[in-house]
Amino acid sequence: MPLLNLISFLGIFGLCLIAWIFSENRSLRVFPWRVVSTGILLQLILGACVFIVPGTRDALQVFSDLLNSVFDAADAGARFVFGRNIVPVPGTPPDVNLGYIFAFRALPTVVFFSGLMALLYNIGVIQVITNVFAKVFYKVMRLSGAEALSGAANIFVGIEAAIVVKPFLAKMTRSELCAILACCFGTAASSTLAIYVSFLKPVFPNILGHLVSASIIAIPACFVLSKILVPETEVPLTAGGIPQEPQRSNVRDTIVEATDIPIDAGDFPRTRIQSDDEDIAAIPQETVGGEVIERVSPLDAAIVGALDGVKMAVAIAAVLILILGLVSLINQFFGWLAALPSPVGDVFKVVTLANILGALFLPLTALTGVSLEWQELWQSSVIIGRRLFETAIPPYQALAAAAALPEGTRVISDRAVLIISYALSGFAHLASVGIFVGGTIALIPSRRKDISELGWKALFVGTLATMMIACVAGVFDTGNPSILGEKAAPVPVVKPTPAQAPVPSATPSSIASPSTAAPAPTASPTAVPARPGKPAPRASTSPTVRVAPQNTPKPKPSAALPGVSPKPTGAKQAG
């Protein structure tokens, strides 16, 4: 086994040791030996299926291609609403290049995925998959039935996974509650995967299939680490098996006692009636625009899911605006400190928020076996550390930018791209604490104190779990290019000779831009014009130079570059 793969393998046990050091009960008598051993073995088996076994690896590739078709469908809907200049047709350059606008490219996919998942839940597809994984987790790891079912639901949803086992939440042990919360932090909902894929697909074509695999592998990782951090010392209520789905009644007001009701893994938030201390479940309902409605058809479910996706997209945008704004304030403060005279200023030129988080995550990043090169290890740690404050979206964007650099200037290798992609795949950041802890408290107010205490422990577990699945990816990474997928061939950059440099027009109204006009007299004569068919560089940071007609001779038709239109469209594209 190569050295880096061996480090990744040993890193799995190193993360377990870290969890045990911070455990509530470090007695070996209560140590979850079976959960740890079977959970690690299950992760390695799932990892082998993803990376090594030909049949399952090919099936994952087919599944990834299928999901990519779903993304194309989401883009088609967004393109109709926003136009082809904002959502371009694949392979066709837009008439006006506006660049990648997050609000119009990533968030509409969240809306589409939310509606699609609601549709699949309504027709029962997701329930079948969820129950299969729930049975595997229950039988192999000997978890409680409610834990296994909620954990399996986390493969596809977020806080909704807790609603799946709502009638049992109030009676759950501390260990069960920690495990359920940890699964929320350690996995990513299917709707948010769309955002990550939009960033990484150019440098990691198979990213979607790997992110789905990461969500599956993360479930046993969360259980392993949560049971070490908060060992089970009681007997769970559902220790005897997985709750079964109920038979839905057509009578709206049918009331069933909470202790007798089985769990429907496919239900989204449902209305709840309280009688004394017992929770009563009614037929699934949704609130849209302040009006309570009942799902009556798959189309209705898809529409309600899409409306929920709109709320989710707005929430994502709001959180990003808030979090990134706060991070900017902190960075400005560090910048002010760096501007102070020596020695204080010299210290804070190095001590920045990004470097602090990078140093904090450096030991965990080293355990993943990402690299033995210091520069690559440090940059990987900084990218992973940013998630704690900034959510996973900006780090994925930074990873894509680092991986897209030319070979000579690129620090991040393909192995690092793979491992970091797995490490960032969860919701283990501060913004999620309010979402998951607050949402769970709303379901069971009687356990407010326990959930508030366990929320930070679950965040810690979710962080370790994402690093553990990154270790699993590092164990099975062989350097085979098929793991990342076939990347699009880069278009070669052809630098024109000085004789081919474009000559500006002599009309009085012509305006020269960096991409369409000759340089000013003080500029370098080797300036490279925009390539035909490609968007010109942005000129917003450079002043436009108005060329005096008396100083510029009219160009001859033979001096123009082949394929370059004489129409002044370059200035429009540059803006």
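What is the mean pLDDT of the chain, and what share of its residues reach 70 or more?

1. Start with confidence, since this is a predicted model. The chain averages a pLDDT of 75, with 73% of its residues at 70 or more. Helix 1 (residues 3–21) has the highest confidence, with a mean of 96, while strand 5 (residues 511–512) has the lowest, at 36.

2. Now for the parts to handle with care. Where pLDDT is low, the predicted coordinates should not be read in detail. Keep that in mind when you see those contacts on screen.

3. Next, have a look at helix 15. This helix covers residues 353–367, and its 15 residues should span 21 Å at 1.5 Å a residue; the end C-alpha atoms sit 22 Å apart, so the two values agree. There is a bend, though: about 50 degrees at Phe-361, with Pro-363 following within four residues. After the helix comes Gly-369, which has a positive phi near 70 degrees.

4. Which residues of helix 15 are buried? They are Leu-353, Leu-357, Gly-358, Phe-361, Leu-362, Leu-364 and Thr-365.

5. Setting aside residues up to four places away in sequence, Phe-361 touches Ser-381, Ile-384, Gly-385, Leu-388 and Thr-463. Ser-380 is 19 residues from Phe-361 in sequence, and their C-alpha atoms are 9.4 Å apart.

6. You will find Glu-390 in helix 16 (residues 374–390). Is Glu-390 buried or exposed? Its relative accessibility is 10%, so Glu-390 counts as buried. The side chain of Glu-390 makes a polar contact of 2.8 Å with that of Arg-386. Beyond four places in sequence, Glu-390 is in contact with Leu-320, Ile-323, Leu-324 and Val-327.

7. Move along to helix 17 (residues 393–403). Here 8 of the 11 residues are buried, so the helix is largely enclosed by the rest of the structure. The buried ones are Ile-393, Pro-394, Pro-395, Tyr-396, Leu-399, Ala-400, Ala-402 and Ala-403.

8. Tyr-396 turns up again in the largest nonpolar core, which has 141 residues. Tyr-396 is among those with the most contacts inside that core, alongside Leu-169, Ile-195, Tyr-196 and Tyr-422. In soluble globular proteins, nonpolar side chains tend to be buried together. Take Tyr-422: leaving out residues up to four places away in sequence, it touches Val-50, Phe-51, His-210, Ser-213, Ala-214, Thr-466, Ile-469, Ala-470 and Ala-473.

9. Finish with a loop residue. Arg-142 lies between helix 6 (125–141) and helix 7 (145–153). At 47% relative accessibility, Arg-142 counts as partly exposed. Beyond its neighbours within four places in sequence, Arg-142 is in contact with Arg-34 and Phe-137. Gly-240 is 98 residues away from Arg-142 in sequence, and the C-alpha to C-alpha distance between the two is 9.7 Å.

Note on methods: Residues are numbered from 1 along each chain as its sequence is written. This is a predicted model: local features need pLDDT of at least 70, side-chain atom pairs count only at pLDDT 80 or more; totals for chains, interfaces and linings use all residues. Side-chain values use heavy atoms; hydrogens and water are left out. Helices (H or I, at least four residues) and strands (E, at least two) are DSSP runs, numbered from the N terminus. The expected span of a helix is 1.5 Å times one less than its number of residues. The bend at a residue is the angle between axes fitted to the seven residues ending there and the seven starting there. Buried means under 20% relative accessible area, exposed over 50%, partly exposed in between (1.4 Å probe, protein chains only). A nonpolar core is a set of buried Ala, Val, Leu, Ile, Met, Phe, Trp, Tyr and Cys residues joined through side-chain atoms within 4.5 Å. Contact means heavy atoms within 4.5 Å. pLDDT is the predictor's confidence in each residue, from 0 to 100. A polar contact is a pair of N or O atoms within 3.5 Å; within protein, one must be able to donate a hydrogen and the other to accept it, and residues adjacent in sequence count only if both atoms are side-chain atoms.
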